[in-house]
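Here is a short note for a colleague who is opening this structure for the first time. Please read it with the model on screen.

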Amino acid sequence: MARAYRRTPDESEVQRCLAFAVEAIDRRACFQDAMRLAYKAVLCSPDFLYFQEMPGRLDGEALASRLSFLLWRSIPDDELMASAQTGELLTDKGLKLQFSRMLRDPKSKRFISDFAGQWLDLRHVHDTSPDRFLFPEYFCDNHLVDSCVAETEATLEEMIRQNLPVRTVVDADFVLINERLAELYGIDEVKGLSIRRVNLPPDSLRGGLLTQSSVMKVTANGLTTSPVLRGVWVMDRILGTPPSPPPPGAGSIEPDTRGAVTVREQLAKHSQLESCASCHAAIDPPGFALESFDVMGKWRDHYRSIGEGDEVDIKVALRDVKYKRGLPVDASGVTQDGFRFHDIYQFRTYLCGQQEQLARNLTERFLVFATGAGISFADCPIIGEILQRNAEAGYPIQSLLQDVILSETFRSK
């Protein structure tokens with residue numbers, strides 16, 4: 001019961017569950033069957049199914065449970081419970097010690113996977129499939145999809161474990177890839193299935209989460225790319241400034257795969273509507289900056305089309321492709337605050353200049369994930385203190401997570 005409830009049970013609770021076993025034994029049930037009834041009573045209890053946290057400062061056992069389910073997605077181990085019962089966990093030093101120990105444990109990969117899935121929408125990576133005629137090289141390539149998710153999770157893990165500055169979210173000097181991803185990204189001399197770190201040259205367009213294959217896939221609709229979807233994703237997931245919902249009757253943009261017009265041209269007409277213009281002025285530029293990447297994140301200079309365009313002499317799986325070389329890609333734009341960029345390189349520079357906002361968004365994401373509650377007005381001063389404390393060092397990512405765990409919000413109900 002102590003293991004199931006993640007605390008020392010009261011004697012009355014023990015007697016209540018014990019009664020099921022004693023009654024069964026009195027009916028001449030065997031010991032195993034009698035104990036199964038007691039186990040069932042324990043596992044049906046709200047104390048096992050839910051966090052039973054009292055309002056106010058959490059006691060040691062409740063804090064241990066919250067910390068363990070955050071970093072390991074499972075119950076506390078003996079060392080963590082011992083720290084809770086002695087009161088050491090309630091001190092800053094004790095909490096830091098357990099945080100560091102648990103983060104080094106392989107079980108913390110569960111936190112990385114779940115947090116990345118929620119924050120970056122990786123849980124939706126299989127929701128769409130690239131069109132088999134426009135992108136035949138990706139058709140049924142489950143290995144590529146699995147590899148791109150593994151890349152993002154490994155990158156986030158590297159950022160946290162190495163305590164890298166928050167700017168690496170959008171601009172890093174390394175990637176964690178395997179042979180299939182290296183082929184997609186045009187990186188040489190990477191062989192094998194395993195994900196490994198590869199250092200990048202200074203002029204590389206890769207590095208960070210923004211241009212990774214998994215992100216490009218979850219922000220595409222399968223058929224083709226959408227600057228609107230990608231722009232909204234960047235504003236929400238990277239900058240933490242989600243746009244307002246579209247007004248009723250705003251309609252949507254359907255890309256013209258015949259190759260007659262680009263989605264930029266369609267958006268220009270759509271944005272002329274007064275009700276749409278203000279939001280698209282903020283949404284479209286981040287999306288345009290990512291237009292040089294196709295539905296799986298491969299670099300492109302031209303769109304593909306099924307109708308108009310130049311014939312291409314390319315074979316995939318020994319068959320001639322059906323698509324044509326369409327109109328050129330234009331990845332330029334002007335942000336709502338007047339920053340003009342011509343490609344992803346310059347837009348990435350723009351994002352790197354907003355380190356405080358990147359850190360604020362990530363800190364809030366950590367806090368929501370850690371507590372299961374949204375950000376309230378009372379949390380704003382705490383978030384501000386965390387950012388101020390880490391500003392000089394460039395907002396190291398592990399330090400942001402540690403300070404979230406040390407915060408009063410995490411340690412209280």
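1. Helices (H or I, at least four residues) are DSSP runs, numbered from the N terminus. The expected span of a helix is 1.5 Å times one less than its number of residues. The model is predicted: local features need pLDDT of at least 70, side-chain atom pairs count only at pLDDT 80 or more, and totals for chains, interfaces and linings use all residues. Residues are numbered from 1 along each chain as its sequence is written, and side-chain values use heavy atoms, with hydrogens and water left out.

2. Start with helix α7, residues 92-104. It has 13 residues. From first C-alpha to last it reaches 18 Å, close to the expected 18 Å.

3. Which residues of α7 are buried? They are Gly94, Leu95, Gln98, Phe99, Arg101, Met102 and Leu103. Buried means under 20% relative accessible area, exposed over 50%, and partly exposed in between (1.4 Å probe, protein chains only). These buried residues pack against α5 (60-71), α6 (78-86), α9 and α18 (397-406); contact means heavy atoms within 4.5 Å.

4. Most residues other than glycine have a negative phi. Arg28 has a positive phi of about 70 degrees. Arg28 sits in the loop between α2 (11-26) and α3. Its relative accessible area is 81%, so Arg28 counts as exposed.

5. Asp121 also has a positive phi, about 65 degrees, and is not a glycine. Its loop runs between α8 (109-119) and α9 (142-161). Is Asp121 buried or exposed? Asp121 is buried, because its relative accessible area is 18%.

Technical notes
Helices (H or I, at least four residues) and strands (E, at least two) are DSSP runs, numbered from the N terminus.
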